[in-house]
Amino acid sequence: MSKYDVVIIGSGLGGLCTAYILAKHGMKVCVLEKNRQIGGSLQIYSRDKTVFETGVHYVGGLAEGQNLNRYFQYFNIMKDLKLQKLNEDAFDVISFEGDDQLYPHAQGYENFIEKLAAIFPHERKALEIYIQKVREACADFPMYNLSSEKKDFTNAWHLQIDSESVINSIFTDKKLQKVIGGNNMLYAGVAGKSPFYVHALVVNSYIESSYRCIDGSAQIAKIMSKNIKAMGGEILNYHEAVRFVFNGNEIESVELVNGERIEGKTFVSAIDLSKTIDMVEGPQLRPAYKNRLKTLEYTTSAFLLNVVTKPNSFEHLDHNIYHLINPDVWAGPFYDVNKWPESVAVFGNTNSRHPGFTENFTAMAYMRFEECEKWAHTKSIIPNNINYRGDDYEAFKIEKSEKLLDALEKRIPGLRSKVQSYTSATPITYRDYIGGKDGSLYGAIKDYKEPLKTFITPRTKVSNLFLTGQNLNLHGVMGVTVSSVVTCTEILGDPELITKIKKAS
């Protein structure tokens with residue numbers, strides 16, 4: 001058995017950021033990862049010699065001086081990242097079936113207003129108010145802005161009203177209401193539930209600046225891994241943690257699936273909350289606490305269609321597409337199975353070999369886990385490393401892939417003729433490779449009616465067990481980065497950590 005100062009379970013971005021901070025503070029750190037590849041949603045994979053993302057298709061707030069840029073400067077990432085800025089006049093394009101107009105979300109607050117005001121001139125003032133409301137909500141989250149200021153925002157207005165209601169109260173034009181909410185797949189938005197602060201924090205970073213990682217976002221995990229190891233940290237793949245071993249009320253080690261135990265003084269779980277709770281088999285956590293975390297409602301999952309295009313056939317896609325077949329932009333998670341897909345997102349790649357063309361793209365549509373539940377018992381990795389769950393599962397994927405391609409052909413005529421090959425992934429794939437409960441895209445659903453229920457503190461009732469990751473504050477690259485700082489502040493007992501990060505950046 002090996003003994004570490006800190007053992008971190010899960011090598012997603014939250015786990016890696018936590019490991020970096022603690023290693024930088026002189027702690028002997030070990031990160032455990034069950035899969036071959038580290039990085040969680042930063043993982044990539046290759047098909048037909050092209051690279052696909054699994055989760056992080058674009059990143060916001062990376063321009064000089066912006067929030068994520070400054071965090072990444074602290075983590076010593078920025079100088080090595082290969083990035084391409086998306087179209088400044090349209091990083092996201094919202095479209096609707098039966099409507100030939102394309103609606104841009106532009107980078108830069110003024111540019112965002114100008115580009116939509118050109119289509120909706122009567123809503124210019126409302127667009128200004130919208131941007132003001134977004135920035136106002138973001139200002140209430142100090143760490144989002146690298147501030148050590150203490151704020152009690154528990155009664156803030158943006159926690160107590162849902163995103164759709166705020167958007168609809170600002171804009172009178174029904175189409176513009178839909179355009180503003182049209183990319184809510186970024187946070188699996190639910191009408192009457194998703195608080196406005198979630199919408200604001202997510203979209204604000206992309207409006208500030210939007211980038212795509214050239215040749216894949218796994219470079220972030222790779223750079224972080226190198227930096228952690230340079231400070232003496234260890235990252236162990238194929239190390240699946242299954243159970244905490246206690247000595248009284250404290251954890252003394254974590255047991256792996258093969259029976260090996262890893263000893264530590266402090267333990268941080270960067271994996272799904274329900275799995276973390278399952279690892280505490282004894283009475284060390286109160287039943288009420290366990291039940292609270294186990295009964296959290298989770299965001300829906302998705303079906304991914306990963307398409308390799310014929311060489312030099314598809315001009316470079318310098319923006320993302322959110323295409324709404326159902327005009328109700330908030331209906332996505334509640335789609336009619338017989339009318340699937342009702343909304344589709346398309347994310348192109350940027351590669352260094354052929355920068356003028358899109359070698360592949362990913363199309364994503366909501367999919368509930370129940371559609372795949374009959375294969376829930378299957379494993380994706382079996383002897384000989386063959387990814388196979390049965391003929392009926394493969395037939396299911398092909399059927400869904402063809403439906404998704406049909407929907408995209410209407411949006412991008414001639415697309416099918418450019419397809420060289422495709423593969424697909426279901427909620428079960430998400431579950432097995434990313435680790436979310438039932439393949440959840442973004443963890444626990446935030447509900448404005450119970451705003452504090454899903455604010456999970458990093459400190460648990462087990463004195464040496466801490467939590468980090470997307471369920472603490474917010475999902476996404478920025479969300480989990482901030483969560484790692486919150487967690488490390490608790491572990492280190494250093495209220496000035498954010499100030500140190502700010503100075504270092």
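Start with the aromatic rings: a search of the whole structure finds 18 aromatic pairs. Rings of Phe, Tyr and Trp (its six-membered ring) pair if their centres lie within 6.5 Å, and planes under 30 degrees apart count as stacked, over 60 as edge-to-face and the rest as tilted. You are looking at a predicted model, where local features need pLDDT of at least 70, side-chain atom pairs count only at pLDDT 80 or more, and totals for chains, interfaces and linings use all residues. Residues are numbered from 1 along each chain as its sequence is written, and side-chain values use heavy atoms, with hydrogens and water left out.

Now select Phe244 and Phe267. Strands (E, at least two residues) are DSSP runs, numbered from the N terminus. Both Phe244 and Phe267 are buried, meaning under 20% relative accessible area (1.4 Å probe, protein chains only).

Next, pick Tyr322 and Phe347, another edge-to-face pair, at 6.0 Å centre to centre and 80° between the planes. Tyr322 sits in strand β15 (residues 320-324) and Phe347 in strand β16 (residues 343-348), 25 residues apart.

Finish at strand β9 (residues 210-213). Ser210 and Arg212 on one side, and Tyr211 and Cys213 on the other, are all buried.

Terms used. Buried < 20%, exposed > 50% of the residue type's maximum accessible area, 1.4 Å probe, protein only. Helix = DSSP H or I, 4+ residues; strand = E, 2+ residues; numbered from the N terminus.
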